[in-house]
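Please consult the sequence and the coordinates while reading.

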Amino acid sequence: MVDGKQSISFRERIQGFTRNQTALLVLVLLILIVVFTSLSGGTFLSTSVGSTILTDWGAYILLAVAETLVVISGGIDLSVGATLSLSTVTAGWVLVNGLHLTSKTTGVDAWPALALAALVAVLTGLLVGAVNSVLINILKIVPFIATLATFGAAAGMAIIISGGMPLQGPTDFSLINPLRIPGLDPKVFDTGLFSPLVILMALVTLVVGLFLHKARFGLYTYAIGSNVFAARAAGISIARHTTKIYLVGGALSGLAGFYAYVRLGGGSPTSGTGMELYAIAATVIGGASLMGGIGRMWGTVIGTLILITVQSGLLMIGVATDWKQIVVAVLIAGAVAVQTLQKKNGVR
Amino acid sequence: MKRSIKIAAAISIVGAIALAASGCAGASNQPIKIAFVMGAESDPFFQAMKVGAEEEAKAEGVTLIWQGDPSHYDVATEVPIVENIIAQKPDGLVLIPTDPDGLQAANDKAIAAGIAVANVDTHVTDLSKVVTFITGDNGDGGAKAADAIAAKIGYTDGKTYDVVVGLTSATATTNVARLDGFKAAIAAKYPGITIQDVAYSASNPQTAASNVENWLTKYPNLAGIFAIDGTNASGAAAALQAKNLTGKIALVGYDAYPANVELIQSGVFTALIAQDPAAEARLAIKTLVDYIKNKKSPAQRDVVIANVTLDANTSAADLKKYTYVAN
């Protein structure tokens with residue numbers, strides 16, 4: 001015992017460092033950036049790559065945020081990607097088949113139509129969230145199976161509504177192009193990193209993050225995820241609160257569908273294909289536990305950034321993108337290992 | 001006593017079912033049942049194929065089963081669907097395999113179960129027991145894409161050009177055949193063109209757009225993009241329009257989605273290589289019906305249906321003919 005107190009072992013140092021989840025994630029991100037920059041001969045560390053990474057981050061982040069809420073509450077949502085697909089398609093359908101607008105409407109002229117697209121997409125997402133809530137809270141189906149069902153139904157409906165083809169409609173591509181500080185020549189110093197829509201996605205993330213960490217909404221979410229019996233005993237209505245969580249998750253996925261609509265200039269039925277797995281991966285890499293009760297919004301924000309950086313980085317250094325899956329697998333395993341270490345230390 | 005009554009009842013029920021079943025099999029006026037199993041059902045290519053299949057099935061009086069994963073182009077989801085179809089005992093199966101080896105076992109199991117199997121568009125590795133294999137000429141389509149890019153960039157011998165190729169997966173045989181045709185044409189006719197990179201979209205147009213955005217940084221002098229299927233074509237078109245590069249980089253896509261055909265006129269696409277999926281489906285059903293009814297194998301097992309190049313010079317009538325129609 002005396003010996004142990006005299007010198008801090010290497011293992012203890014590691015354990016101490018892993019307590020600071022956010023610092024660890026930032027470190028991983030920095031290492032990735034350094035590795036990709038050196039292997040790409042410097043091209044990776046450029047504003048244009050940065051803006052592409054942020055554009056992709058904007059596409060994934062709201063799904064990851066939705067997933068984080070659900071995972072912290074002890075559930076899982078497999079339907080986020082399909083909800084994105086369905087929402088982007090219903091938005092496209094209303095504009096193209098409902099209002100007979102075409103891709104010839106561009107720029108500021110497209111804004112009223114885009115506002116409507118955003119509304120339709122969010123309402124569609126809310127609807128899927130409501131179905132999830134009914135399946136989980138009223139029919140008492142476990143979240144994995146309930147959201148697997150809505151995943152299939154939403155993906156199928158996206159195809160039926162769109163006829164399997166992208167519904168090309170009005171858009172304003174400048175909304176997803178990076179904003180630049182006026183007066184500075186981008187050839188000398190390119191300031192273009194954040195597009196208006198990426199800023200919007202970041203603000204939405206911030207608001208949800210504040211609700212998660214600073215409001216009763218978050219407190220209840222953690223309580224239910226940590227111990228559902230204790231939460232019930234404390235007077236929290238489990239059904240009412242999980243309904244809120246799945247509704248918010250649906251609305252966020254719907255907004256991600258609007259993002260895909262603007263980015264692709266239309267509603268494409270496969271816009272969300274495969275994205276649920278990356279949303280879950282980003283959440284886990286960010287430090288959330290699939291057992292519930294553990295997770296931070298900052299972790300998810302950086303976890304998503306790490307995933308996208310890997311995707312872009314591998315392409316920039318010319319490594320086959322097949323490797324992406326392997327790198328992602330390593331990151332997930334690493335994140336879970338850190339969690340296990342923390343549990344041993346009694347850190348939450 | 002009670003037990004023996006139960007057993008007798010059970011035997012008589014089983015007997016009745018067996019009789020009924022044999023009666024069904026023996027009836028010659030039972031309509032022929034043909035199943036289609038594909039990768040991602042949402043792919044407009046398959047939707048266009050469905051239009052042709054439904055037309056032909058109606059004309060031949062065939063009951064059509066149409067089944068695929070809603071949106072994943074994946075071996076893992078396709079194999080169980082084929083297993084399920086085999087259990088439904090159709091007379092014929094038109095299989096569009098997502099992977100040549102991954103679907104081989106399921107393909108052979110269907111044949112062993114007495115189902116006449118055709119492969120359409122893509123194929124399994126061992127085609128020896130398959131009634132027919134019908135495909136678009138993907139190799140030739142790839143070569144046509146190379147020609148279209150070369151024409152757009154004003155290819156001159158002695159100069160060098162960078163191009164990239166967006167694919168959906170590394171194993172889909174159509175993707176591979178198009179890429180091979182593209183590479184062969186470049187090697188033979190356009191030695192100044194270098195294929196710098198390929199990347200995969202996994203059926204998601206947002207990923208396809210992101211790949212193109214990264215390439216634009218990596219290859220500042222990028223001359224051309226070959227977007228090997230509809231998903232990649234959509235993603236690449238959006239990325240180039242967003243970056244105001246319409247017409248500045250040669251973009252040749254594949255598959256005639258109505259939205260993409262419109263973009264030929266506005267100059268976003270240099271050209272689209274179009275297939276005729278409806279014709280493939282019609283021929284597949286016709287060949288299978290002939291085989292099931294008359295036990296007659298087609299004179300030629302492998303049939304290739306030509307691809308066409310759609311560009312700004314294509315007549316409106318031809319554009320209409322090749323544009324995919326949704327249900």
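The questions below concern a predicted model and proceed from chain B as a whole to individual residues.

Q: How many helices and strands does the secondary structure of chain B come to?
A: The C-alpha trace of chain B spans about 90 × 40 × 35 Å along its principal axes. Of the 327 residues of this chain, 55% count as buried. Its secondary structure comes to 11 helices and 12 strands.

Q: Which residues of strand β10(B) point one way, and which the other way?
A: In a regular strand, side chains alternate between the two faces of the sheet. Strand β10 of chain B covers residues 271-274, and all of them are buried. Leu272(B) and Ala274(B) point one way, and the other way point Ala271(B) and Ile273(B).

Q: What is the handedness of the β-α-β crossover from β9(B) to β10(B)?
A: Strand β9 of chain B, residues 250-254, runs parallel to β10(B), and 3 bridges join the two. Within this pairing, Tyr254(B) stands opposite Ile273(B). The chain passes from β9(B) through helix α9 (residues 258-265) of chain B to β10(B), and this crossover is right-handed.

Q: Which residue of β12(B) does Leu272(B) stand opposite?
A: Strand β10(B) also pairs with strand β12 of chain B, residues 308-311. These two strands run antiparallel and are joined by 4 bridges. In β12(B), the residue opposite Leu272(B) is Leu310(B).

Q: How far from the backbone oxygen of Leu319(B) does a polar atom of the side chain of Thr323(B) lie?
A: Thr323(B) belongs to the segment after α11 (316-322) of chain B. Its relative accessibility is 17%, and because buried means under 20%, Thr323(B) counts as buried. A polar atom of its side chain and the backbone oxygen of Leu319(B) are separated by 2.5 Å.

Q: How many residues apart in sequence are the parts that the pair Arg180(A) and Asp190(A) ties together?
A: The structure holds 10 salt bridges over all chains. One of them joins Arg180(A) to Asp190(A), with the closest N and O atoms 2.8 Å apart. Both residues lie in the loop between β1 (167-168) and α8 of chain A, so the pair ties together parts whose separation in sequence is 10 residues.

Q: What is the distance between the closest N and O atoms in the salt bridge of Asp290(B) with Lys296(B)?
A: Asp290(B) is partly exposed, with a relative accessible area of 28%. Lys296(B) likewise counts as partly exposed, at 48% relative accessibility. In the salt bridge between them, the closest N and O atoms are separated by 3.5 Å.

Q: What is the phi of Lys140(A)?
A: Most residues other than glycine have a negative phi. Lys140(A) lies in the loop between α6 (111-138) and α7 (143-162) of chain A and is exposed, with a relative accessible area of 63%. Although Lys140(A) is not a glycine, its phi is positive, at about 55 degrees.

Q: Where is Lys295(B), a residue other than glycine with a positive phi, found?
A: The phi of Lys295(B) is near 55 degrees. At 61% relative accessibility, Lys295(B) counts as exposed. Its place is the loop between α10 (277-294) and β11 (302-305) of chain B.

Technical notes. Residues are numbered from 1 along each chain as its sequence is written. Chains are lettered from A and ligands numbered from 1 in the order in which they are written. This is a predicted model: local features need pLDDT of at least 70, side-chain atom pairs count only at pLDDT 80 or more; totals for chains, interfaces and linings use all residues. Side-chain values use heavy atoms; hydrogens and water are left out. Buried means under 20% relative accessible area, exposed over 50%, partly exposed in between (1.4 Å probe, protein chains only). Two strands pair if DSSP finds at least two bridges between them. A crossover is right-handed if, with the strands pointing away from the viewer, the path from the first strand over the helix to the second runs clockwise. A polar contact is a pair of N or O atoms within 3.5 Å; within protein, one must be able to donate a hydrogen and the other to accept it, and residues adjacent in sequence count only if both atoms are side-chain atoms. A salt bridge is a side-chain nitrogen of Lys or Arg within 4 Å of a carboxyl oxygen of Asp or Glu.
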